[in-house]
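Here is a short note to read beside the structure. Please keep the 3D view open and find each element as it comes up.

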Amino acid sequence: MQNTINRENSAQLFEEAKQYFPGGVNSPVRAFKSVSGPPLFIKEGNGCIFIDEDDNSYVDFCCSWGPLILGHNNARVREFVIDTVKKGTSFGTPTKLGNQLGKLILDNHRYVEKIRFVSSGTEAVMSALRLARGVTGKNKVIKFEGCYHGHVDSLLVKAGSGLATFGVSTSAGIPAPFAQETLVLPLDDKEALSKALEQHGKDTACVIIEPIPANNGLLIQDKEYLQFLRDECTKHDVLLIFDEVISGFRIGFEGAAGYYNIQPDIITFGKIIGGGMPVGAYGGSKEIMSHIAPDGPVYQAGTLSANPVAMAAGYAAMQQLLLPNFYENLNNTTQLFAKVIQDYAEKQEWEITVPSIGSIFWLNFSKERITRADQIDSTGMEKFKVLHHELLQRGIYLGPSGYEVGFISAAHDNNSLAKALQAMQESLEIVFG
Ligand SMILES: *Cc1c(COP(=O)(O)O)cnc(C)c1O
């Protein structure tokens, strides 16, 4: 095996990109800051494989950070998008395709009676917060350390010093008063939650959580905790928002809400819902959604919202998720993949576990089950850097950070998974060797 794959063209394109874009990228995590070498410039993908500008091909476990549950370049999505785009890309009017995707979701999701399409996950979350504030007439928001909700001002916030103090922003450019509207709590801590709601419930519009936190490791919560959260919110007249931008249509068609059988007041979607195009959405009961303009006083609009090309991609993708056994097969494949790595690691007594749920997995450089952000061992990230490099040499692509989860798509066939497992074994041997 050659020691380093040729990344010359990617390196050159990255140098050029730095002249155009801050850090050479249009979204920061793409910059490969926590792994080695220049980011790969990808030119095409098919199924579970993508190919970079140096003609190296990789089995892709990033899947565009989650949207591609059917893999790259799914034939039915591609054909439907091409048919649609031939008739124009956007009209700024309602379209039949929007109705079709809306109906498909509402017919198959118990907890969504009305939905509004937007163009990204961030936009969905931002709108959901405004809706919660509009419905309740309250301002404060509770979020959890280790959950990511897009780059919304009042959610780029971490806990202030001391218990139950309001937050401080994690980004420049956010006025302190915005961050101070947000209270940040640890996950999986009933007492902290009860206390916060006891103290601030009367000023709090909503609690927002990733019910399956998957942006800072995979911090799978107990159902009992999520049910407790639901009950506490109800008790204090605080709306519960499930941010299902990752978990929605990933864990099953009804996402985490369906998986845990817990009804949030508002759900946000993104990623999978657009079939690889920029789509986000938020939804809930008819009553709550009636507060949105033009029915109600909460304003939210979008020039390209629900444009026909994006709706076509979403519709063609989502129809396939409803085929018999789609999730069962995909989830079984994922559980098995994770188990093989985990069993091997256990045998070797390596300090690593592979939590997984639905078709999401994570490499946790610890032997313990982890439910809170502060339990993540940051020294594992050095190991991840080596692992990432070794896997790239063997044609396996993971998202370029140890805090990121991996995704398996329906296009990940047995051959590719076997190749990945072999590569994983060899690479972990180097990491722990
Ligand atoms: C990706 C993500 C977002 C942001 O979505 P964008 O489309 O990147 O704006 C919000 N919440 C969660 C849980 C996400 O995973």
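Predicted model: local features only at pLDDT ≥ 70, side-chain atom pairs only at ≥ 80, totals over all residues.

The points below take the sheet first, then a helix pair, then some backbone details.

1. Find the open sheet of 7 strands. Their order is E4-E12-E11-E10-E9-E5-E8, and the pairing is mixed. Strands E4 (114-118) and E8 (182-185) stand at the edges. Each has a single partner strand, so one side of each has no neighbour in the sheet. On average, neighbouring strands are turned by 20 degrees against each other, direction ignored.

2. Look at E9 (residues 204-209) and E10 (residues 239-243). They pair in the parallel sense over 4 bridges. Ile208 stands opposite Ile241 in E10. As background, strands of a sheet pair through backbone hydrogen bonds, either parallel or antiparallel.

3. A helix on the sheet. Which strands does helix H4 touch? H4 (residues 121-136) packs on the sheet and touches E4, E5, E9, E10, E11 and E12. The direction of H4 makes about 165 degrees with that of E11.

4. Two helices crossing. The axes of H12 (residues 380-393) and H13 (residues 414-432) come within 9 Å. They cross at roughly 140 degrees. The two helices are therefore oblique to each other. The crossing is right-handed. On the H12 side, the contact is made by Lys383, Val386, Leu387, Glu390 and Leu391. On the H13 side, the residues include Ala423, Met424, Ser427 and Leu428. By class, the contact has 9 nonpolar, 1 polar and 2 charged residues.

5. A residue in that contact. Is Ser427 buried or exposed? Ser427 sits in helix H13. Its relative accessible area is 0%, so Ser427 is buried. Leaving aside neighbours within four places in sequence, Ser427 is in contact with Leu387, Glu390, Leu391 and Arg394.

6. Backbone exceptions. Most residues other than glycine have a negative phi, and most peptide bonds are trans. A cis peptide bond joins Ala293 and Pro294, with omega about 10 degrees. Pro294 lies in the loop between helices H9 and H10. Asn73 has a positive phi, near 55 degrees. Asn73 is in the loop between strand E3 and helix H2, and is partly exposed at 36% relative accessibility. Glu349 also has a positive phi, near 60 degrees. Glu349 lies in the loop between helix H11 and strand E13. With a relative accessible area of 63%, Glu349 is exposed.

How values were computed: Residues numbered from 1 in each chain as written. Heavy atoms only, no water. Axes fitted to C-alpha atoms, helices over the stretch in contact; angles between N-to-C directions. Parallel < 35°, antiparallel > 145°, perpendicular 65-115°, else oblique. Left-handed = near helix turned anticlockwise from the far one by under 90°. Contact = heavy atoms within 4.5 Å. Nonpolar A, V, L, I, M, F, W, Y, C, P; charged D, E, K, R; others polar. Buried < 20%, exposed > 50% of the residue type's maximum accessible area, 1.4 Å probe, protein only. Pairing = 2+ DSSP bridges.
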